[in-house]
Every structure is written in C-alpha cells, then in structure tokens.
Amino acid sequence: IFNRLMSVPPPLSPSADAGKAAVSSPMFSTRKHSVFIIYTGGTLGMMRDPATGALRPEPNYLAQQLSLLPEVQAPEMPSYKIVEFDPLLDSSDMSHNEWVQIAKMIEANYYDYDGFVIIHGTDTMAYTASALSFMFENLGKPVVMTGSQIPFQEVINDARRNLVTSMMIAGNYDIPEVCIFFNNHLLRGCRTRKVDSWSLDAFESPNCAPLATLGMEIKLNQELILSQPKGRFRVSVGINKNVAVLHLVPGFADDIVGNLLREPLEGLIMQSYGSGNAPAKKKSLVQHIVNAVKRGVVVVVTSQCMRGTVNLHHYATGQSLLEAGAVSGHDMTVETAANKLAFLLGLGIPKEQVRYLMEHDMRGELTHKPKERVYR
C-alpha cells in the first residue's frame, strides 16, 4: 500500500499563459455528457414549514424543481440523474458511514457518467470533501460538492447558480479532483474551510488559489489542477475513527491532554499557536506527548492561523513538540489533517509510514515543490 501511495504522477500540464487564469475549454463533443447527482440534504433543497417558518428537508422537492429549470435544457448542459439520501440529512449528522455511502455510490456509477455532483449542507461540507479526496484513489473525473446559504424555494437565492454551475463543471470540464463550488469559486476540496455562517461567499481556500472562477465565463487556473492519474480508480473505505483534534488555549490543564492521549486514541491533530508553537514550559505536556508517541499515537501539529504554515524548527517552543515525536501538518486545514490521518491509520500501514505521509502531499492538500508530491 505504501509503495502505491508513493508512486509519482506525471508532471502537471502548464496553462497556455503560465501564472494566469486560462479560459477553459469545455469537453464539447457530439456525445452529450452526463452527471450523477447525489442529494444528501442541506439548505439548498429545503422548504419552509408553513406553520413554524423553519426550514426542513422535503423529499423529491429538489428533483421536481430541477426538472423545471430552463437552464437544464440548454444544449451545453449535461444530462443528469439525481439520487436522494433517505432520509435527507442535516450536514451536522454526517459521519464516516455517510462518507462511505457517498463513495460507494460514486464507485458504482463511476464508468457511466462524466462527472459527479454532491449536494451537501454547508456546515460540514469541507470535512466531507477532505475525506472523499483521500478515499478516492486515482480519481480521473470531477466530483463537485455544492450547497447554498439560501434554499431553492426563496425568490432570491444562491442555490440555483451554485447547482447549475456545479453540473456544468462536473459534466464538461477535465478536473480530476474533489472540489467545492460556492458563490463564484471552484475550490480544491482538501484545501477548503467554511469561514462565514451568513455570507453567500461562505468558503475559502486560505493557502491555495481557486481552481476556477466564475465571472462572465468560467476561467480555470489550469496550472493548479491535478494531472490525470495513470492507475485504475478505486475507493478505500477503511477510516480509523480514533482520531481527535485538540485546540490549544492558554492556561489549560496538562492532565486534560494526558487523558485525551490515552487509549483508544491513535491520532491527534494539535492546533497550535502561530507557526507551530506550544508552551515549552509545560514539561508534563511534552511528556504526555512523548508517552503517547511511544504508544504509537501519531501527533500532527497544525496552526490555528487561517494562513501560513507550520515550521517546528522556527522557535524553541515548536522544537519541543518535534523532539517529543510530533510531526508537522504544514499548511493543511484542520479538516483535511484530521481526515488524512484517519484515512492513513485506516490503511493499517506502519505508524512511521503514516508519520511520513502526513508531512508529504498526496492530493494537493499541502503546499509542496513539484518533485515532492507523493500521489494518489
């Protein structure tokens, strides 16, 4: 498994105008393209309860509304099939089981469609996108996740544009990645965070530019898009659930961390200060990490900052974590770091290989030099 993960991909194809967003060329042909849509739930397809005014999921409502859209009949739009979760879920209820369900649905239909759209609630969309990015090995087709802040039912909404654009991208563009389309940006799924609970521009990719931008036309940042894989598409569903996230705050009790690091924990994402700093004077904290690493726990340090990267060599406080056996998460989001660690631990490979892969790029999830990518 480790050797397969370490295989090096072909170099990325440069854009026609390096360093600038290149106007994309959809894959138009005599054959009409098709997309498979998975509606898991979320605001996009909700209706207001006439009695309470609260939003609630309504089975089959979205499929009915989508069939009435004139945009769907446009010649440049792909044909589609839509399948709904039963029951429809609020994204707060998403778990590993639902991620596996989504992955298996795409695996079963992979060779019958040109691309895939996943309609999902916004609150945990970035987590699902990160998880699927690692579960899909040798992904050669677009998987576009989308949702909305305002439901389809409202007169003014962001649901229609997000869904129609996601369908167009999934059906007509060569983007072999799990992505999130929201507002006017196509973002790499394993680089994305929800940053606003109210704005229509709810998602950002803090350390990676958008893969595409919607304006008067769709423009791709071609040089950022992953290259097509050489191997056959496959899905890995063995996710290890014994992973936790610790957000450091000043003055915390060391014993709390010690309790967290006990069995059955196998992986910890430590959200540290700045570029990877933790209180070096807390000797018992460092000893708890040493003991956990000796037991086989993989400790990964990420930053609480939205932008920038972790450098455990920069300050003595970060060096103490490195000496305790922690590894750097570089500029990964916490959503991605947690899911990558759960994925790698689920493969059953030796812990030293897990630590190595956590510091190396696999799906475009961390900033790298091209020769350093380990893939797919």
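In which sense do β17 and strand β18 pair, and over how many bridges?

## Strand β17 and its neighbours

In this predicted model, β17 and strand β18 (residues 298-303) pair in the parallel sense, and six bridges join them. Within this pairing, Ser272 stands opposite Ser303 in β18. To get from β17 to β18, the chain passes through helix α7 (residues 283-295), and this β-α-β crossover is right-handed.

Strand β16 (residues 243-247) also runs parallel to β17, the two being joined by five bridges, and Leu246 has Met270 of β17 as its bridge partner. The chain crosses from β16 to β17 through helix α6 (residues 254-260), again in a right-handed β-α-β crossover.

## Burial of β17

Strand β17 (residues 267-272) is mostly covered, with six of its six residues buried. In a regular strand, side chains alternate between the two faces of the sheet.

## Nonpolar cores

The largest nonpolar core holds 64 residues, of which Ile106, Phe136, Leu163, Ile175 and Leu186 touch the most other members. Helix α5 (residues 159-172) gives the most to this core, contributing six residues. When residues up to four places away in sequence are not counted, Phe136 touches Ala103, Ile106, Val143, Val178, Phe233, Arg234, Val235 and Arg363.

Apart from this core lies another, of 24 residues, with Leu261, Val301, Val310 and Ala324 among them. In soluble globular proteins, nonpolar side chains tend to be buried together.

Key. Residues are numbered from 1 along each chain as its sequence is written. This is a predicted model: local features need pLDDT of at least 70, side-chain atom pairs count only at pLDDT 80 or more; totals for chains, interfaces and linings use all residues. Side-chain values use heavy atoms; hydrogens and water are left out. A nonpolar core is a set of buried Ala, Val, Leu, Ile, Met, Phe, Trp, Tyr and Cys residues joined through side-chain atoms within 4.5 Å. Buried means under 20% relative accessible area, exposed over 50%, partly exposed in between (1.4 Å probe, protein chains only). Helices (H or I, at least four residues) and strands (E, at least two) are DSSP runs, numbered from the N terminus. Contact means heavy atoms within 4.5 Å. Two strands pair if DSSP finds at least two bridges between them. A crossover is right-handed if, with the strands pointing away from the viewer, the path from the first strand over the helix to the second runs clockwise.
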